[in-house]
Amino acid sequence: MKYNIRGENIEVTQALREYAEKKIGKLERYFESTEGTVVHVNLKVYNDKHSKIEVTIPMPQLVLRAEERHDDMYAAIDLVVDKLERQIRKHKTKVNRKWRDKETKYVFAANDVPAASAEADEEDFELVRTKRFSLKPMDSEEAILQMNMLGHNFFVFTNAETNRTNIVYRRKDGRYGLIEAN
């Protein structure tokens with residue numbers, strides 16, 4: 001894996017860079033090949049001295065992404081690696097369950113899941129509710145108003161300008177995001 005580590009309001013020291021590469025590098029054991037994979041690591045420090053780390057690992061079959069806030073940057077790195085490891089185990093369990101009968105080879109190595117993943121094997125993804133509705137053409141501002149009126153964190157709508165399905169959502173920082181389908 002190649003690492004793209006950058007800092008916002010923090011100088012990325014050699015020690016911090018090596019620690020992040022060492023910890024994130026342990027995830028390589030879960031994959032047969034990580035050749036050409038670029039790991040994007042963004043380290044931030046806010047005015048209140050809280051640290052935040054965001055890690056994105058684009059792989060051919062999935063994109064791993066996690067972020068964590070903590071007072072200590074080294075602790076935040078440890079926590080974000082734990083989150084990424086859980087994502088990998090969860091994804092592998094889902095894939096194995098789906099393709100068990102087809103004996104399809106996947107990007108994970110055969111000896112990649114530690115014994116701690118037993119709880120992930122027992123986890124089921126149960127749909128408890130299905131909603132159907134027609135998408136009304138509107139602009140993103142109207143969609144945000146509708147979302148707030150309903151008290152939801154996201155809202156699906158048809159963009160009146162492009163006639164494509166879009167999603168507006170409330171971010172953790174209280175601002176809004178827009179997802180546009182291709």
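Two strands count as paired if DSSP finds at least two bridges between them. Strands themselves are DSSP runs of E, at least two residues long, and helices are runs of H or I, at least four residues long, both numbered from the N terminus.

Now the ground rules. This is a predicted model, in which local features need pLDDT of at least 70, side-chain atom pairs count only at pLDDT 80 or more, and totals for chains, interfaces and linings use all residues. Residues are numbered from 1 along each chain as its sequence is written, and side-chain values use heavy atoms, with hydrogens and water left out.

Confidence next. pLDDT is the predictor's confidence in each residue, from 0 to 100. The chain has a mean pLDDT of 81, with 83% of its residues at 70 or more. Where is confidence lowest, and where is it highest? It is lowest in helix α3, residues 118-122, at a mean of 46. It is highest in β7, at 94. Across residues 109-121 the pLDDT is below 50. That stretch still has 18 contacts in the model beyond near neighbours in sequence. A contact means heavy atoms within 4.5 Å.

Overall layout. The chain has four helices and eight strands. Along the sequence they follow the pattern β-α-β-β-β-α-α-β-α-β-β-β. The chain has 182 residues, and 33% of them count as buried. Buried means under 20% relative accessible area, exposed means over 50%, and partly exposed lies in between, with a 1.4 Å probe and protein chains only.

Four strands make an open sheet in the order β1-β2-β3-β4, with mixed pairing. β1 and β4 (63-70) are the edge strands, each pairing on one side only. On average, neighbouring strands here are turned by 10° against each other, direction ignored. For such angles, axes are lines fitted to C-alpha atoms, for helices over the stretch in contact, and angles run from 0 to 180 degrees between N-to-C directions.

Helix α1 packs on this sheet and touches β1, β2 and β3. The direction of α1 makes about 135° with that of β1.

Now strand by strand. β1 (residues 2-8) and β2 run parallel, joined by seven bridges. Arg 6 has Asn 42 in β2 as its bridge partner. From β1 the chain crosses through α1 to β2, and this β-α-β crossover is left-handed. For reference, a crossover is right-handed if, with the strands pointing away from the viewer, the path from the first strand over the helix to the second runs clockwise.

Why is β2 described as largely enclosed by the rest of the structure? Because six of the eight residues of β2 (residues 38-45) are buried. β2 runs antiparallel to β3 (residues 51-58), with six bridges between them. His 40 has Thr 56 as its partner in β3. The β2-β3 hairpin has five residues between the strands, and Lys 49 takes a positive phi near 70° there. β3 and β4 are antiparallel too, over eight bridges. Val 55 stands opposite Ala 66 in β4.

Ala 20 counts as buried because its relative accessibility is 0%. Leaving out residues up to four places away in sequence, Ala 20 touches Ile 5, Gly 25 and Ile 77.

β6 (154-159) and β7 run antiparallel, with five bridges. Phe 155 has Val 168 in β7 as its bridge partner. Their hairpin has five residues between the strands, and Asn 163 in the turn has a positive phi of about 60°. β7 and β8 also pair antiparallel, over five bridges. Ile 167 has Ile 179 in β8 as its partner. In that hairpin, Gly 174 in the turn has a positive phi of about 95°.

Last stop, helix α4, residues 140-150. Ala 143, Ile 144 and Met 147 are buried. Seen down the axis of α4, the buried residues fall within an arc of 100°, so they line one face of the helix. The arc is taken from the directions from the helix axis to the C-beta atoms. What covers them? The cover includes β5 (137-138), β6, β7 (165-170) and β8 (176-180). On the other side of α4, Glu 141, Leu 145 and Met 149 are exposed. Gly 151 follows α4, with a positive phi near 75°.
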